[in-house]
Amino acid sequence: MSAPTTDLVCAGCGGPLSALPTDVRVTCGFCGVANDIASVGAVRVARRLEQLGVKVPERPMRVSDIEEHFAEQAAVEREKRRMAFIVIGVLVVIAAIVGLLIALGT
């Protein structure tokens with residue numbers, strides 16, 4: 001059995017925590033706050049994902065949180081496409097006006 005890790009501090013009071021490598025949650029003996037503990041493997045995976053540009057949430061997400069996140073991203077992408085079409089439309093109108101002015105010899 002592995003020795004407890006003692007270099008952890010409570011998110012509630014800053015007191016020292018003692019956790020086994022297999023623990024995912026430890027309750028503080030001083031203030032009673034439940035602290036989520038990331039495993040060494042999870043930390044390695046999160047660091048590698050961040051190197052690849054994938055942001056890992058700091059807390060577990062519910063399915064509804066993930067769905068909401070993707071819905072917000074989709075809305076932003078739709079707005080970007082809409083604005084791009086507007087800009088293209090304006091440029092086409094300007095090009096048509098310039099072409100007309102050139103054709104009229106002004």
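Val87 is partly exposed, at a relative accessible area of 45%; here buried means under 20% relative accessible area, exposed over 50%, and partly exposed in between, with a 1.4 Å probe and protein chains only. The residue lies in helix 2, where helices (H or I, at least four residues) and strands (E, at least two) are DSSP runs numbered from the N terminus. Val87 belongs to a nonpolar surface patch of about 710 Å², which it makes with Met83, Ile86, Val90, Leu91, Ile94, Val98 and Ile102. Patches are made of residues with over 30% relative accessible area and no salt bridge; like charges are joined within 9 Å, and nonpolar side chains (Val, Leu, Ile, Met, Phe, Trp, Tyr) within 5 Å. An α-helix has 3.6 residues a turn, so residues three or four places apart point the same way.

## Basis of the model

This is a predicted model, in which local features need pLDDT of at least 70 and side-chain atom pairs count only at pLDDT 80 or more, while totals for chains, interfaces and linings use all residues. Residues are numbered from 1 along each chain as its sequence is written, and side-chain values use heavy atoms, with hydrogens and water left out.

The pLDDT, the predictor's confidence in each residue from 0 to 100, averages 84 over the protein chain, and 87% of the residues score at least 70.

## Overall architecture

The protein chain contains 2 helices and 4 strands, arranged along the sequence in the pattern β-β-β-β-α-α. Of its 106 residues, 9% count as buried. The accessible surface comes to about 8700 Å², and carbon and sulfur atoms account for 65% of that area. Accessible areas come from the Shrake-Rupley method with a 1.4 Å probe; for residues, only the protein chains shown count as cover.

Contact means heavy atoms within 4.5 Å. Among contacts between residues at least 6 apart in sequence, 7% join residues at least 24 apart.

## Helix 2

Helix 2 covers residues 63–104, a run of 42 residues. From its first C-alpha to its last it reaches 61 Å, close to the 62 Å expected at 1.5 Å a residue; the expected span is 1.5 Å times one less than the number of residues. Just after the helix, Gly105 takes a positive phi of about 80°.

Glu77 pairs with Lys80, with the closest N and O atoms 3.6 Å apart. These two residues are 3 residues apart in helix 2, and are therefore separated by about one helical turn. Arg82 pairs with Glu79, with the closest N and O atoms 2.9 Å apart; this pair also lies in helix 2, 3 residues apart, or about one turn. Glu77 is partly exposed at 38% relative accessibility, as is Arg82 at 43%. Glu79 is likewise partly exposed, with a relative accessible area of 37%.

## The strand region

A salt bridge is a side-chain nitrogen of Lys or Arg within 4 Å of a carboxyl oxygen of Asp or Glu, and by this rule the count comes to 3. One of them joins the side chains of Asp36 and Arg25, at 2.8 Å from N to O. Asp36 lies in strand 4 (residues 34–36) and Arg25 in strand 3 (residues 25–27), so the pair ties together parts that are 11 residues apart in sequence. Asp36 is partly exposed, at 49% relative accessible area, whereas Arg25 counts as exposed at 54%.

Leu20 is placed in the loop between strand 2 (16–19) and strand 3. The residue is partly exposed, with a relative accessible area of 25%. Leu20 and Ile37 are 17 residues apart in sequence, and their C-alpha atoms are 9.7 Å apart in space.
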